[in-house]
Amino acid sequence: SENVAELCLKTSNADIKVNMNDSEDKGYKIKAQTTFGDINLLIPNLLYRNAMRADRMSKQAEAETENYASAVQKVNVSAETTNGYIEVIK
């Protein structure tokens with residue numbers, strides 16, 4: 001759809017860093033998973049659907065902005081890495 005942007009980011013042995021550099025009122029949905037790394041989501045008004053959780057070596061988080069359901073434009077970010085750090089900033 002024209003109003004939904006999908007970002008699928010996957011790597012091994014490397015960090016994932018995303019800066020949305022966006023001043024518009026878009027809705028964001030984030031799904032992040034890493035092994036042997038950390039997750040840092042710096043997006044205003046972010047609500048966690050599944051709280052940040054760690055299973056032994058793996059960490060994952062699922063969150064969306066509070067305006068996601070009503071936003072005209074949506075951005076879905078899926079980030080997955082091993083041995084790396086995930087950071088998503090708006």
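Strands, together with helices, are DSSP runs numbered from the N terminus, a strand (E) having at least two residues and a helix (H or I) at least four. Cys8 is found in one such run, strand β1. The structure is a predicted model, in which local features need pLDDT of at least 70 and side-chain atom pairs count only at pLDDT 80 or more, while totals for chains, interfaces and linings use all residues. Residues are numbered from 1 along each chain as its sequence is written, and side-chain values use heavy atoms, with hydrogens and water left out.

The protein chain contains eight strands and zero helices. Read from the N terminus, its elements follow the order β-β-β-β-β-β-β-β. Along the principal axes, the C-alpha atoms occupy a box of roughly 35 × 20 × 20 Å. The radius of gyration, taken over C-alpha atoms, can be set against a globule rule of 2.2 Å times the number of residues to the power 0.38. For 90 residues, a compact globule would have a value near 12 Å, and the 13 Å of the protein chain agrees with this.

Contacts (heavy atoms within 4.5 Å) show how the chain is connected. Of those in the protein chain with a separation of 6 or more, 71% are between residues 24 or more positions apart. Burial is the next topic. A residue is buried under 20% relative accessible area, exposed over 50% and partly exposed in between, with a 1.4 Å probe and protein chains only. By this scale, buried residues make up 38% of the 90 residues in the protein chain.

In soluble globular proteins, nonpolar side chains tend to be buried together. A nonpolar core is defined here as a set of buried Ala, Val, Leu, Ile, Met, Phe, Trp, Tyr and Cys residues joined through side-chain atoms within 4.5 Å. The largest such core has 17 residues, of which Met20, Ile30, Ile39, Leu41, Ile86 and Val88 touch the most other members. At least two residues of this core come from each of β2 (16–19), β3, β4, β6, β7 (74–82) and β8 (86–89). Leaving aside residues up to four places away in sequence, Met20 touches Leu7, Tyr28, Val75, Val77, Val88, Ile89 and Lys90. Ile39 lies in strand β4 and counts as buried because its relative accessible area is 11%. From Ile39 to Glu66, 27 residues away in sequence, the C-alpha distance is 20 Å.

Cys8 in strand β1 is classed as exposed because its relative accessibility is 63%. Arg49, found in strand β5 (residues 46–55), is partly exposed at 43% relative accessibility. Apart from residues up to four places away in sequence, Arg49 touches Lys29, Glu62, Ala63 and Glu64. Between Arg49 and Glu62, 13 residues apart in sequence, the C-alpha distance is 5.6 Å.

Side chains of opposite charge can pair when their charged atoms come close. A salt bridge requires a side-chain nitrogen of Lys or Arg within 4 Å of a carboxyl oxygen of Asp or Glu, and this rule gives a count of one. The partners are Asp38 and Lys59, whose closest N and O atoms are 2.3 Å apart. The pair links distant parts of the chain, 21 residues apart: Asp38 is in the loop between β3 (27–35) and β4 (39–42), and Lys59 is in strand β6 (residues 58–65). Asp38 counts as partly exposed at 40% relative accessibility, and Lys59 is partly exposed at 26%.

A charge sits over a ring if NZ of Lys or CZ of Arg is within 6 Å of the ring centre and within 35 degrees of the ring normal. Lys74 meets this description over the face of Tyr68, at 5.4 Å from the ring centre.

Two residues other than glycine have positive phi values. Asn13, with a phi of about 60°, is found in the loop between β1 and β2 and is exposed, with a relative accessible area of 56%. Phe36, with a phi near 60°, lies in the loop between β3 and β4 and counts as exposed at 52% relative accessibility.
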